[in-house]
Amino acid sequence: MLNKVNVRIGLTALSLIFAIACAESNKNEQKEKLPNEEPKKVEKKNSNLFEVEGKVFSIPSPIQTAFLLKEAGTDYRSSLLNPTEKAGNYATTNQRALNLGIYGADLGYATIYDQSQDAISYMAVSRKMSSELGIDGLFNEVLLSRFEANIGNQDSLLVLVSDAFKKADQYLKNNEQKTISVLILAGGWIETLHFATNLAKSSGSEAIRNRIGEQKITIKNLINLLLPFQDDSPMTSNLINQLNELKDIYGGIEFSYTFNPPTTIAEEKTTVINSVSKVDMTDQELSDITDKIEEIRNNITN
Amino acid sequence: MKKINLLYTSILFLSITLFSVKETQAQCDTIATICNQNFTKEYLSDGQEYRALLINEQTAEFHLTLYGGSIYRFGACSGMNSGNLVFRVYDQDYNEIFSNSEHELSPYWDFKVNSTLDVIVEANLNQDKVNSGCAVLLVGFKP
């Protein structure tokens with residue numbers, strides 16, 4: 001009887017292994033070109049859908065908005081960054097993860113403005129925070145040396161920073177530490193919005209103002225990313241509550257979208273997305289967002 | 001004796017499962033490395049990597065925001081060769097923006113974005129070539 005049970009368990013195990021290990025199994029059939037299809041509007045499908053790693057939402061890179069701030073003509077303001085001396089105050093895993101995201105955004109900001117000394121300091125503090133989170137193998141001495149060796153070469157530095165965070169993200173996901181991965185993304189997003197809101201009024205830049213308004217889309221994605229972890233700690237649930245309050249402020253902002261057919265240039269492997277969107281945000285709404293993001297950030301950094 | 005057998009079977013089952021998971025991760029790592037070759041140095045990673053184990057007709061879906069005035073590159077790969085993954089891009093209202101099935105299942109494509117929008121990327125295996133496998137999606141942008 002026991003042998004039969006063992007055989008059954010064994011077969012189940014083998015089936016499972018087969019299901020996983022047969023990944024990449026190739027058919028011997030000749031590949032056929034798929035038929036061309038006209039661009040179309042499709043009904044949203046609910047069945048047969050496999051969500052990417054159970055979470056389907058993505059957050060834009062903080063570096064993109066930092067570039068926008070520079071292009072808008074704003075000067076570098078080191079006072080906007082979270083002081084590196086505070087790193088020692090962050091004792092819990094969640095605090096460290098959120099502040100690694102914040103320091104990572106600071107690192108990107110300093111790098112884009114060619115602030116070598118600050119960039120090195122923020123790379124060093126990112127290394128310290130990641131080491132405390134157990135991902136020191138990625139932000140290691142080699143990376144720090146390569147970073148220092150490439151000072152003055154902004155393109156290379158940004159590649160190093162982006163790749164380091166991508167590897168950290170993958171490492172954490174592979175090791176079932178998705179909460180940390182999501183909190184790092186959240187920290188980066190909060191810090192970027194902190195930069196933008198602080199610079200919007202003084203610069204008078206319409207581009208920065210629009211970018212702040214456009215976060216109406218992203219904040220929903222961020223909350224969706226965090227929701228599966230809301231019971232992990234009081235800090236996470238509190239963060240979600242605060243982000244929901246921020247989302248409520250965003251609720252009053254008009255974000256209109258009009259679809260226009262895209263243009264594809266096949267020989268350049270490029271599609272131009274011609275759709276148009278517009279943000280309509282009052283000064284009061286901008287002021288409310290500024291206050292709220294400061295409150296959220298202060299709760300994380302202080 | 002029965003307890004020992006059960007314990008032995010459980011340990012064996014757990015070990016094999018853990019081995020399989022690690023094996024799958026290693027396979028995804030290899031595919032991600034190959035997929036990354038579609039990104040020249042002029043593209044910066046968005047700092048994230050999206051993976052899914054797909055079987056048969058399963059579809060992976062993810063949502064992301066594309067900022068106006070930017071150029072993005074999407075890389076979508078499965079297996080060691082190109083042409084194993086079909087990917088389509090839709091806007092928030094499911095208007096189709098792009099499908100690589102119309103472009104020889106190209107493993108990467110660039111998107112020039114005039115205005116900020118939310119897009120949905122769907123990916124599934126080219127069943128003419130593969131039944132199952134790790135799907136990797138990478139996103140880069142031009143600074």
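This is a predicted model: local features need pLDDT of at least 70, side-chain atom pairs count only at pLDDT 80 or more; totals for chains, interfaces and linings use all residues.

Q: What makes residues of H10(A) count as buried, and which are they?
A: A residue is buried if 20 or more other C-beta atoms, placed from the backbone, lie within 10 Å of its own, exposed if 12 or fewer, and partly exposed in between. In H10(A), Ile289(A), Lys292(A), Ile293(A), Ile296(A), Ile300(A) and Thr301(A) are buried. They cover an arc (of the directions from the helix axis to the C-beta atoms) of only 160°, and therefore lie on the same side of H10(A). On the other side, Asp283(A), Gln284(A), Glu295(A) and Asn298(A) are exposed.

Residues are numbered from 1 along each chain as its sequence is written, while chains are lettered from A and ligands numbered from 1 in the order in which they are written.

Q: How do you know that the length of helix H10 of chain A agrees with expectation?
A: The expected span is 1.5 Å times one less than the number of residues. For the 19 residues 283-301 this gives 27 Å, and the end C-alpha atoms are 27 Å apart, so the two agree.

Q: Which residues are in contact with Ala186(A), leaving aside its neighbours within four places in sequence?
A: Contact requires C-beta atoms, placed from the backbone, within 7 Å. Leu98(A), Gly101(A), Leu222(A), Leu226(A) and Leu239(A) are in contact with Ala186(A).

Methods:
Helices (H or I, at least four residues) and strands (E, at least two) are DSSP runs, numbered from the N terminus. Two residues are in contact if their C-beta atoms, placed from the backbone, lie within 7 Å.
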